[in-house]
Amino acid sequence: MAAATATPENGGGGVATASQAYLESQAVKDTRSLMSELCRHFYTLGWMYGTGGSIAMRVYDDSVPRPHQLILLSPSGVQKERMEPEDMYVLSADGSTLSSPSPKPYPNKAPKCTDSADVFLKVFELRNPGAVIHSHGMESCLVTMINPLAKEFRITHMEMIKGIQGHGYYDELVIPIIENTAREYELTESLAKAIEAYPRSTAVLVRNHGIYSWGDSWISAKTQAECYSYLFDAAIKLNQMGLDWSSPNHGPLQYGKGTLADGGTAGIIGSSLQIKPLPSCILLDIEGTTTPITFVTDVLFPYARDNVARHLSTAFDTLETQDDIKLIRIQVEDDLAKDVPGALPIPPDEVGKEKVIAALVANIEAMIKADRKITALKQLQGHIWRTGFQNQELKGEVFEDVPVALEKWNALGIKVYIYSSGSRLAQRLLFGNTNHGDLRKSCCCKECRPSGDCLCPAWKWTSSRKSRVQNNPFIHGDLMAEFGVVFLNLVLDEDPLRQ
């Protein structure tokens with residue numbers, strides 16, 4: 001490597017290069033050896049199995065200010081118990097790679113810097129630590145799963161809290177929890193927000209993944225990582241014993257009034273967590289529950305009424321529309337026999353397409369005005385709305401809390417069902433084209449999602465008559481509680497219950 005301006009003497013480590021002498025200095029060699037030793041040790045603790053987990057460490061040198069010191073990163077895809085000093089990457093303070101390991105013979109993988117590099121650099125930028133440890137320890141993963149909605153881990157009155165920087169035995173230790181992503185570099189933004197929101201914390205938990213923790217030196221980082229591991233393990237064991245690890249006396253967990261599905265208060269692991277049995281499924285109405293009633297009455301119905309003539313004229317000869325017309329004819333004949341107001345005779349096709357469509361439109365407008373819940377109308381409306389959504393003339397509307405609730409229930413393994421008089425097609429269109437995107441992805445399996453015709457048990461689109469709810473003992477009362485069903489119906493947007 002060619003010599004450049006960043007040397008211990010001039011303190012210029014913020015630039016992208018460093019002198020060969022500096023890269024081969026004793027300080028760099030000692031840091032390489034230390035990191036390989038720590039990786040092997042952390043492997044024995046179960047923190048770095050399967051090549052996972054990593055370390056980032058500054059090269060300590062009195063002659064170089066910490067913000068300008070070189071950073072060493074462990075590689076990705078290397079067996080941590082076989083880590084060698086020469087396996088480390090050397091980066092400048094601004095994140096530019098100055099030295100990379102040489103390739104090793106098969107079956108070793110080609111050298112690759114840790115996938116957590118961006119995360120490490122963000123921690124160095126925001127907290128200026130001496131070292132950062134990323135552990136995949138089982139305890140740091142499991143402790144985030146006790147409450148899938150929790151945004152924090154809290155614990156107090158445990159001796160090992162004293163090993164965490166700025167904390168004592170009587171203090172409450174609070175660690176933020178962020179959601180996992182497919183790639184570790186994608187954690188950078190959410191981790192940065194957590195660091196800024198929790199200035200006392202020296203760690204961030206990643207749900208179903210592990211933990212990033214740091215300290216002023218490698219000794220501080222290692223000590224705290226060990227204390228975190230101990231505290232997580234203790235919390236898991238206390239939880240298995242039915243004890244509350246977050247309360248000072250670590251008494252029994254309280255059962256009864258649960259807030260696990262609440263929007264905010266459930267976001268804490270510990271702190272007198274109250275638990276109640278979760279429902280097996282949630283049954284949702286649409287109008288007034290997931291969607292404003294006005295969207296149906298002021299948008300969907302008028303759109304179908306105003307576009308029925310255009311739709312019938314354009315698609316009159318298709319098999320689908322001919323089937324729709326057949327159902328309308330059968331319904332109108334029944335309405336005429338029962339003297340239903342607004343029903344008018346529909347002439348045969350021989351009189352001409354225009355006259356047939358005119359009669360169909362008159363009947364359909366009367367049905368829409370009366371808000372009739374009949375299959376013939378619902379099927380045709382669904383096909384008209386489909387055209388509207390495809391042409392981007394319609395956009396489904398749901399309340400702000402609906403996508404959040406669906407995500408939470410999905411994370412908890414609660415099945416979600418829609419119980420609506422609307423057709424299956426209409427329901428799929430509404431939830432597949434909302435102001436918050438395609439909400440079917442939260443409930444439908446990947447195989448079903450492209451067609452929108454989900455057959456998996458995670459989401460059911462039912463089109464049974466709502467009147468059956470009132471006569472079905474399964475939908476309310478003791479049977480509903482026994483089967484763990486929660487029915488949310490007509491929860492209006494102005495009603496406090498929506499909160």
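Where is Asp 371 found? I started my notebook with that one, and Asp 371 turned up in the loop between H9 and H10. A reminder to myself before going on: this is a predicted model.

**Entry 1**

I looked up the backbone of Asp 371 and found phi near 50°, a positive value in a residue other than glycine. Next I asked about its cover. Asp 371 has 35% relative accessibility, so I wrote it down as partly exposed.

**Entry 1: the two helices on either side**

Helix H9 covers residues 353-369 and helix H10 covers residues 375-390. I checked how their axes pass: they come within 11 Å and cross at roughly 100°. That angle is why I call H9 roughly perpendicular to H10. On the H9 side I listed Ile 364, Met 367 and Ile 368 as making the contact, and on the H10 side Leu 377, Leu 380 and Gln 381. Sorting the residues of this contact by kind gave me five nonpolar, one polar and no charged.

I then moved to Gln 331, which is found in helix H8. Is Gln 331 buried or exposed? Its relative accessibility is 16%, so Gln 331 counts as buried; the cut-off for buried is under 20%. Leaving out residues up to four places away in sequence, I found Gln 331 touching Met 367, Arg 372, Ile 374 and Ala 376. One of these, Met 367, also belongs to the H9 side of the contact with H10.

**Entry 2: the nonpolar cores**

Which residues touch the most other members of the largest nonpolar core? I noted Leu 312, Ile 328, Leu 360, Ile 364, Trp 385 and Trp 409, out of 48 residues in that core. I went through the elements that each supply at least two residues of this core: strand E13 (281-284), helices H7 (293-315), H8 (319-337), H9, H10 and H11 (401-411), strand E14 (415-419) and helix H12 (424-432). There is also a second, separate core of 25 residues, and Ala 27, Cys 39, Leu 70 and Ala 221 are among them.

Setting aside neighbours within four places in sequence, Ile 364 is in contact with Val 308, Leu 312, Ile 328, Leu 377 and Leu 380. Of those partners, Leu 377 and Leu 380 are on the H10 side of the contact with H9, while Leu 312 and Ile 328 are on the list of core residues that touch the most other members.

For another pairing I picked helix H2 (residues 26-44) and helix H6 (residues 218-240). Their axes come within 13 Å and cross at roughly 5°, which means H2 is roughly parallel to H6. Leu 34, Leu 38, His 41 and Phe 42 of H2 meet Trp 218, Lys 222 and Glu 226 of H6. By kind, the residues of this contact divide into four nonpolar, one polar and two charged.

With a relative accessible area of 33%, Trp 218 is partly exposed. Not counting residues up to four places away in sequence, Trp 218 touches Leu 34, Leu 38, Met 57 and Ala 131. I also checked Gly 130: its C-alpha atom and that of Trp 218 are separated by 6.1 Å, although the residues are 88 apart along the chain.

His 250 sits in the loop between H6 and strand E10 (254-255). Its phi is near 50°, a positive value in a residue other than glycine. At 16% relative accessibility, His 250 counts as buried.

What kind of peptide bond joins Tyr 106 and Pro 107? I found a cis peptide bond there, with omega about 15°. Pro 107 lies in the loop between strand E4 (97-99) and helix H3 (117-127).

**Entry 3: the whole protein**

The protein has 14 helices and 16 strands. Of its 499 residues, 49% are buried. The protein exposes about 24200 Å², and carbon and sulfur atoms supply 54% of that area. Among contacts between residues at least 6 apart in sequence, 66% join residues at least 24 apart.

Technical notes
Residues are numbered from 1 along each chain as its sequence is written. This is a predicted model: local features need pLDDT of at least 70, side-chain atom pairs count only at pLDDT 80 or more; totals for chains, interfaces and linings use all residues. Side-chain values use heavy atoms; hydrogens and water are left out. Axes are lines fitted to C-alpha atoms, for helices over the stretch in contact, and angles run from 0 to 180 degrees between N-to-C directions. Helices (H or I, at least four residues) and strands (E, at least two) are DSSP runs, numbered from the N terminus. Angles under 35 degrees count as roughly parallel, over 145 as roughly antiparallel, 65 to 115 as roughly perpendicular and the rest as oblique. Contact means heavy atoms within 4.5 Å. Ala, Val, Leu, Ile, Met, Phe, Trp, Tyr, Cys and Pro count as nonpolar, Asp, Glu, Lys and Arg as charged, and the others, Gly among them, as polar. Buried means under 20% relative accessible area, exposed over 50%, partly exposed in between (1.4 Å probe, protein chains only). Accessible areas come from the Shrake-Rupley method with a 1.4 Å probe; for residues, only the protein chains shown count as cover. A nonpolar core is a set of buried Ala, Val, Leu, Ile, Met, Phe, Trp, Tyr and Cys residues joined through side-chain atoms within 4.5 Å.
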